[in-house]
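Thanks, everyone. Please bring up the model.

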Amino acid sequence: MTRNVLVIGAGPVGLCLSLALARRGLDVDLVEQQSAELLAAPAFDGREIALDRASRRLLRELGVWERIPSDGIAPVSRARIMDGAGAGFEINGEAFGQDGLGVLVSNHLIRTAAWQAAAKQPRVRVHTGVSVDSVSIDAVTARARLADGGVLEAPLLVAADGRFSGTRRSMGIAAHMRDFGASMLACRMRHAQANDGTAWEWFGRGQTRALLPLGEHLSSVVLTLPDREARELVDLSPGALAEEIAARYEGRLGAMQLASTVHRYPLVATWAHRFVAKRFALAGDAAVGMHPVTAHGFNLGLASVEHLAEAAGAGLQRYGDPAHPALLARYQRRQRMSSALLFAGTQTLVGVFTSSRGVMQPLRQAVMQAGRKLPVLRRALAASVLDGSPRPATVARHVRTIVDVLRPRLRASAKVYP
């Protein structure tokens with residue numbers, strides 16, 4: 001049995017997975033239809049990624065973090081959750097001895113750093129500018145036939161080609177898809193009022209407003225709203241768009257000025273019915289594509305990197321086969337355990353807080369009141385981003401996490417805002 005793995009998709013998850021596999025002694029063929037030039041210098045795409053401690057730990061281990069410029073890392077001191085004009089609540093890391101919740105890094109900087117690390121890794125061979133025509137699996141080998149006529153073989157094939165994965169479809173794996181009928185509009189804005197290093201999630205009927213602090217007077221503003229409205233906003237002039245965004249944020253940031261290009265992304269969440277098959281696995285959004293409201297999509301993607309690399313490495317070490325079925329099955333259990341509650345909770349959260357039905361209003365008020373009055377809930381939210389260990393992968397690990405949150409700690413301060 002050979003020691004190589006075939007990965008389809010050189011996005012940040014595919015690149016990080018290739019690095020993680022190489023660290024475990026595996027050789028990787030990474031296939032990407034974009035050119036090497038675009039991969040080496042990806043353009044700003046509007047997406048600012050919230051990285052929790054576990055993700056930052058893994059990026060350090062992979063040699064990616066050190067390649068991200070320090071001025072591209074923006075700390076988040078606290079997070080504020082609001083519903084319309086009603087009261088909100090704030091979470092922070094004080095109960096855990098932390099002075100912040102996490103950091104923000106632009107997606108294109110993560111991609112650049114991951115590419116640079118992969119380019120320095122001799123075990124990673126990148127095939128750029130070529131698409132995959134077909135994939136096939138037999139008892140001992142996975143094969144990918146490329147559009148240029150080439151054929152790549154490996155004991156294990158991994159799809160890391162996004163939530164609309166063509167490789168997943170080719171392997172006959174279905175996925176639950178929920179089209180929210182909305183789009184995310186993302187851009188950077190300079191604003192007169194300081195953001196105090198606070199991230200907002202501000203719900204309201206017909207739209208959700210988020211603010212991600214990149215500097216005292218610079219933020220990523222993210223709107224989720226009906227697709228028709230998003231298209232109309234993208235077509236506005238920079239000045240008109242800045243005025244419109246300032247109005248939608250009800251003047252809380254003062255006057256605004258557009259500081260980047262503007263990007264629109266249709267919102268579709270996906271959940272693959274299976275994460276593995278014979279000599280095949282899904283990673284990142286190809287397995288679970290999250291709604292961005294909880295900002296955990298890339299963190300879950302890196303959890304899949306960690307779990308799958310561990311499974312492939314263990315399979316190689318114990319059985320001489322990185323695609324040993326018992327280890328792939330364990331990867332599937334762990335990754336589904338890591339993501340199921342968060343995926344389901346996010347779906348519920350979006351339904352409750354974006355629905356225009358009046359029956360949802362009492363439920364929204366109850367959730368917000370619980371956040372204001374229950375310190376344990378705020379600790380749980382903070383713990384989800386402050387834990388630097390691998391994502392909970394077993395029931396026992398989930399129980400230990402819950403006990404850890406419930407255990408008496410330093411009293412957490414919680415500000416309540418009108």
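Two rings of Phe, Tyr or Trp count as a pair if their centres lie within 6.5 Å, with the six-membered ring used for Trp, and planes over 60 degrees apart make the pair edge-to-face. This is a predicted model, and by that rule it holds four aromatic pairs. In one of them, tryptophan 200 and tryptophan 202 have ring centres 5.8 Å apart and planes at 80°, so the pair is edge-to-face. Tryptophan 200 is buried, at 8% relative accessibility, and tryptophan 202 is buried as well, at 0%.

Tryptophan 202 also pairs with tyrosine 249, again edge-to-face, at 6.3 Å centre to centre and 75° between the planes. Tryptophan 202 sits in strand S14, residues 198-204, and tyrosine 249 in the loop between H7 and strand S17, so this contact ties together parts 47 residues apart in sequence. Tyrosine 249 is buried too. Ring pairs therefore join Trp200, Trp202 and Tyr249 into a cluster.

What lies over the face of tryptophan 202? Arginine 209 does, at 3.7 Å from the ring centre. Arginine 252 also lies over the face of that tryptophan, at 4.5 Å from the ring centre.

Now the charged pairs. Side chains of opposite charge can pair when their charged atoms come close. The count here is 19 salt bridges. One of them joins glutamate 229 and arginine 248, at 3.1 Å from N to O. Glutamate 229 belongs to helix H6, residues 227-234, and arginine 248 to helix H7, residues 238-248, so the bridge ties together parts 19 residues apart in sequence. Arginine 248 is buried, at 15% relative accessibility.

Another bridge, at 3.2 Å, is between arginine 163 and aspartate 285. This one links distant parts of the chain, 122 residues apart: arginine 163 is in the loop between strand S12 and helix H5, and aspartate 285 in the loop between strands S20 and S21. Aspartate 285 is partly exposed, at 25%.

Aspartate 45 and arginine 47 form a further bridge, at 2.9 Å. Here aspartate 45 is buried at 9%, while arginine 47 is partly exposed at 32%. There is also a network of salt bridges linking Arg57, Glu61 and Glu306.

Last, helix H1. It covers residues 12-23 and reaches 17 Å from first C-alpha to last, close to the expected 16 Å. Eleven of its twelve residues are buried, so H1 is largely enclosed by the rest of the structure. Among the buried ones are Pro12, Leu15, Cys16 and Leu19. After H1 comes glycine 25, with a positive phi near 85°.

Notes. Residues are numbered from 1 along each chain as its sequence is written. This is a predicted model: local features need pLDDT of at least 70, side-chain atom pairs count only at pLDDT 80 or more; totals for chains, interfaces and linings use all residues. Side-chain values use heavy atoms; hydrogens and water are left out. Helices (H or I, at least four residues) and strands (E, at least two) are DSSP runs, numbered from the N terminus. The expected span of a helix is 1.5 Å times one less than its number of residues. Buried means under 20% relative accessible area, exposed over 50%, partly exposed in between (1.4 Å probe, protein chains only). A salt bridge is a side-chain nitrogen of Lys or Arg within 4 Å of a carboxyl oxygen of Asp or Glu. Rings of Phe, Tyr and Trp (its six-membered ring) pair if their centres lie within 6.5 Å; planes under 30 degrees apart count as stacked, over 60 as edge-to-face and the rest as tilted. A charge sits over a ring if NZ of Lys or CZ of Arg is within 6 Å of the ring centre and within 35 degrees of the ring normal.
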